[in-house]
Amino acid sequence: MSYEKEAYQQIADRMLVIKRLEEVLLLLDEGSCEFSVSFVSDEAMQQLNKKYRDKDEPTDILSFVQEDDVEDFTWPEVVFEESGSLPQEIHVLGDMVISLDTLKRNALSFSVEPDEELHRLLIHGLLHLLGEDHETNDADEPMLVKQEQLLQQVRGSKR
């Protein structure tokens, strides 16, 4: 986990973010996996959005899925759960980047607490890293419906 500015740790506490992501991974019945989460400003997000999506504006979250391309083959990462056990493969999912500036604006716009919007964006990014996608931002998109269902399961959303 990385923070562009030290103050961002107050908005997205490391231990709380990890706990929330673990809860969602458990609900999704996902095994061992690895991914990164970065918290950045609108300026940094706008640069990423322009470079990777050709959109010269900030966005709330970008997810970069680790490609499973045969030409780009690497050995799987493994971890030993305990001494003498067989290694467990770790699925490397990729990276998610969240703009905390946009997160705050979203929270105001949707009349939710910033903490709830953070939770929503973490779920959203995780779903993308797990291969899900959506064509629009309409609430009836299957991925967005799943996102809100997961949020309700772990938190009890009012949105």
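This is a predicted model: local features need pLDDT of at least 70, side-chain atom pairs count only at pLDDT 80 or more; totals for chains, interfaces and linings use all residues.
Local features need pLDDT of at least 70, side-chain atom pairs count only at pLDDT 80 or more, and totals for linings use all residues. Residues are numbered from 1 along each chain as its sequence is written, and side-chain values use heavy atoms, without hydrogens and water.

**Exercise 1.** Determine how helix 2 is oriented relative to helix 5.

*Solution.* Step 1: helices are DSSP runs of H or I with at least four residues, and strands are runs of E with at least two. Step 2: the axes of helix 2 (residues 14-27) and helix 5 (residues 114-129) come within 10 Å and cross at roughly 50 degrees; axes are lines fitted to C-alpha atoms over the stretch in contact, with angles from 0 to 180 degrees between N-to-C directions. Step 3: angles under 35 degrees count as roughly parallel, over 145 as roughly antiparallel, 65 to 115 as roughly perpendicular and the rest as oblique. Helix 2 and helix 5 are therefore oblique.

**Exercise 2.** Classify the packing of helix 2 against helix 6 and name the residues that meet.

*Solution.* Step 1: the axes lie 11 Å apart, at an angle of about 115 degrees. Step 2: helix 2 is therefore roughly perpendicular to helix 6. Step 3: E23, V24 and L27 of helix 2 meet L150, Q153 and V154 of helix 6, where contact means heavy atoms within 4.5 Å.

**Exercise 3.** State which residues lie nearest the centre of the largest pocket.

*Solution.* Among 28 lining residues, D60, I61, H124, H134 and N137 lie nearest the centre. A pocket is an open set of points on a 1 Å grid over the protein atoms alone, where a 1.4 Å probe fits, with protein on both sides within 12 Å along at least five of seven lines; lining residues have an atom within 4 Å of a point.
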